Amino acid sequence: MKDVLLLVGAGQIGMAIARRIGFDKKIIIGDKNLVNAKKIADIMYNAGFDVNYLEVDLADRISIKNYIQEAQKYGQIGMLINVAGVSPSQASIETILKVDLYGTDVLLEEVGKVIKPYGTGVTISSQSGHRMEALGSEIDEQLATTDCEDLLSLSVLQVENIKDNLHAYQLAKRCNVKRVMAEAVKWGKKKARINSISPGIIVTPLAIDEFNGKRGAFYKNMFAKAPVGRPGTADEVANVAELLMSENTGADFLVDGGATAAYFYGDLNR
């Protein structure tokens with residue numbers, strides 16, 4: 001029996017993080033697409049990691065609970081890496097809210113119930129949530145503390161109040177950050193830690209879908225005009241995740257090469 005690392009979302013960022021911290025863990029990859037999960041599992045297995053993979057639908061609480069229960073057969077849940085989600089170019093408003101917002105929040109809640117003392121977790125949010133205008137303390141608190149099963153009933157999350165797919169994505173990611181803050185209080189009672197990372201443009205298959213979508217020119221302009229002048233890589237996010245999963249709790253780290261700063265105060269604001 002080993003401590004179990006839950007890796008939710010079979011992608012480049014998740015794999016990069018897991019390779020930094022999962023060398024002595026039982027890694028259970030969960031993804032809705034088992035082909036993707038097997039592909040990442042095979043790469044990691046061939047690099048010497050102890051890996052299994054399971055199907056999990058982030059939009060379904062029962063599926064999440066089944067995934068966690070299966071993983072517990074290998075040992076105590078000691079770590080969570082959540083990188084699962086859909087992008088504005090990949091899904092409808094309803095799907096974005098169900099997966100990126102509701103699903104992420106349910107996952108944090110359910111893992112929080114079983115995380116071992118001194119366990120740790122990280123979820124990937126997005127710089128997109130930082131670009132949206134302030135929602136106010138009342139809505140922020142609603143996003144942070146409303147029961148998961150009531151979240152999608154909030155007025156701010158009704159389709160008629162959402163401009164487009166990108167706005168839905170921004171709301172989901174803002175909610176993720178607020179939820180991590182609230183969950184950090186609960187996890188802290190077990191001496192466990194949970195944080196979020198809000199990356200900028202990171203080159204992954206998901207990002208490539210965005211580059212080739214209707215907002216492609218916007219994103220390319222963003223990283224061209226950001227202070228760093230380029231998109232990021234999965235390993236740069238993993239650098240931050242490795243730090244976060246050792247000491248800090250309840251924080252959000254914006255890792256976007258200065259893109260948000262340029263959006264408010266630089267060339268992207270013109």
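This is a predicted model: local features need pLDDT of at least 70, side-chain atom pairs count only at pLDDT 80 or more; totals for chains, interfaces and linings use all residues.
Local features were taken at pLDDT of at least 70, side-chain atom pairs count only at pLDDT 80 or more, and totals for chains, interfaces and linings use all residues. Residues are numbered from 1 along each chain as its sequence is written, and side-chain values use heavy atoms, with hydrogens and water left out.

Helices (H or I, at least four residues) and strands (E, at least two) are DSSP runs, numbered from the N terminus. Strand E2 spans residues 26–31. Six of its six residues are buried (under 20% relative accessible area; exposed is over 50%, partly exposed in between; 1.4 Å probe, protein chains only). In a regular strand, side chains alternate between the two faces of the sheet. Both faces of E2 are covered. Lys 26, Ile 28 and Gly 30 lie on one side. Ile 27, Ile 29 and Asp 31 lie on the other.

E1, helix H1 (residues 12–21) and E2 form a right-handed β-α-β unit. A crossover is right-handed if, with the strands pointing away from the viewer, the path from the first strand over the helix to the second runs clockwise. E2, helix H2 (residues 34–46) and E3 form a right-handed unit as well.

The largest nonpolar core has 46 residues. Such a core is a set of buried Ala, Val, Leu, Ile, Met, Phe, Trp, Tyr and Cys residues joined through side-chain atoms within 4.5 Å. Leu 6, Val 8, Leu 80, Val 111 and Leu 157 have the most contacts inside it. Elements giving two or more residues include E1, strand E4 (77–82) and helix H4 (93–114). H4 provides the largest share, ten residues. Leaving aside neighbours within four places in sequence, Val 8 is in contact (heavy atoms within 4.5 Å) with residues including Gly 30, Tyr 67, Leu 80 and Leu 107. Apart from this core lies another, of 30 residues, among them Ile 17, Ala 18, Ala 41 and Ala 238.

Thr 204 sits in the loop between strand E6 (193–199) and helix H9 (205–211). Thr 204 counts as buried because its relative accessibility is 10%. Beyond neighbours within four places in sequence, Thr 204 is in contact with Gln 12 and Ile 13.
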